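Here is a short report on one protein model. Please look over the sequence and the structure before reading on.

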Amino acid sequence: MSGTGPDPAHAREARADSAAVGERKPDSAVVRDALGVGVAVGLSGFAFGVTSAGSGLTVLQTCALSLFVFTGASQFALVGALAAGGNPFTAAAGAFFLGVRNAFYGLRLSQLLALPRAVRPFAAQWVIDETTAVTLPQPTRRAARIGFTVTGLTLYVLWNLTTLAGAVGAEAIGDTDAWGLDAASPAVFLALLAPMLTSATERITAGIAVLLLLGALPVLPAGAPVLVAALAAPLVLLLKGRADAKKGRENTAKDRAESAPADGNSVKGEGR
């Protein structure tokens, strides 16, 4: 028995473990990155509180949005549409579809974090852009869990506290439109999103979404342009699928054309 070589399966696991150790990131570095994102974005909850109060929502309604919805882009979309005089159902629909992206984040994060079943319903509340941006680049599951937890906890606490402060202090600020506070959270969101657009397909999708949004703003009621912009993703996927299928057919035809002479030569060779 001592003369046999190592089991290939065990050897592969050992190599994988050693590679994970080599990529391991210090916990302190993960916490530092998570706190940086959590604090920076959490403070912009003040802007939401002010904007929401300025749109006519009460302090209680404003705080309930941050406590239970807890996705800044959707919250700003809702109160922005209401402030512009949009229909409440249209505003809610726009905010809902804008928040659907978090469900797709959850599909990826559930595999990466592999949290216990009892914890998942609570963790789902923290599946947002910022926690996803911090969690996905982490090299190990431990680092991913730390990044997700610290970012989610920091952001949830700060966002709700600053939302309350903004809603209560809205009257002291006066005209919220003059301050442009409604642009604070979307600006932070775009700053986090831009580095994640690494492929040409992602950049094209984002560009088409912007064009659709700008084109729909003058002609559609508040809240509806977001729904139109969401059409960019299926449109790009459809065009990309057709292009890939066409390229696949061309490659298949090319391979057949290149293999045909070789097959003929081999047959002739066998005949001689």
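## Leucine 158

Leucine 158 is partly exposed, because its relative accessibility is 21% (buried means under 20% relative accessible area, exposed over 50%, partly exposed in between, with a 1.4 Å probe and protein chains only). Leucine 158 sits in helix α10. Helices are DSSP runs of H or I with at least four residues, numbered from the N terminus.

Beyond its neighbours within four places in sequence, leucine 158 contacts Gly38, Val39 and Gly42 (contact means heavy atoms within 4.5 Å). Leucine 158 and phenylalanine 46 are 112 residues apart in sequence, yet 9.3 Å apart in space, C-alpha to C-alpha.

## Basis and confidence

This is a predicted model: local features need pLDDT of at least 70, side-chain atom pairs count only at pLDDT 80 or more, and totals for chains, interfaces and linings use all residues. Residues are numbered from 1 along each chain as its sequence is written, and side-chain values use heavy atoms, leaving out hydrogens and water.

The mean pLDDT (the predictor's confidence in each residue, from 0 to 100) is 79 for the protein, and 75% of its residues reach 70 or more. Confidence is highest in α10, at 95, and lowest in helix α1 (residues 8-23), at a mean of 46. The pLDDT is below 50 over residues 1-22, a stretch with 1 contact in the model beyond near neighbours in sequence. Where pLDDT is low, the predicted coordinates should not be read in detail.

## Asparagine 160

Asparagine 160 also has its place in helix α10. Asparagine 160 is buried, because its relative accessible area is 13%. A polar atom of its side chain lies 3.1 Å from the backbone nitrogen of leucine 67. Leaving aside neighbours within four places in sequence, asparagine 160 touches Cys63, Ser66 and Leu67.

## α7 against α10

The axes of helix α7 (residues 101-113) and helix α10 (residues 141-168) come within 9 Å and cross at roughly 125 degrees. The two helices are therefore oblique to each other (under 35 degrees is roughly parallel, over 145 roughly antiparallel, 65 to 115 roughly perpendicular, the rest oblique). Axes are lines fitted to C-alpha atoms, for helices over the stretch in contact, and angles run from 0 to 180 degrees between N-to-C directions.

Leu109, Gln111, Leu112 and Leu113 in α7 meet Arg141, Ala144, Arg145 and Phe148 in α10.

## Positive phi

Phenylalanine 70 is not a glycine, but its phi is positive, about 45 degrees. Phenylalanine 70 lies in the loop between α4 (59-69) and α5 (72-83). Phenylalanine 70 is buried, with a relative accessible area of 3%.

Note on methods. A polar contact is a pair of N or O atoms within 3.5 Å; within protein, one must be able to donate a hydrogen and the other to accept it, and residues adjacent in sequence count only if both atoms are side-chain atoms.
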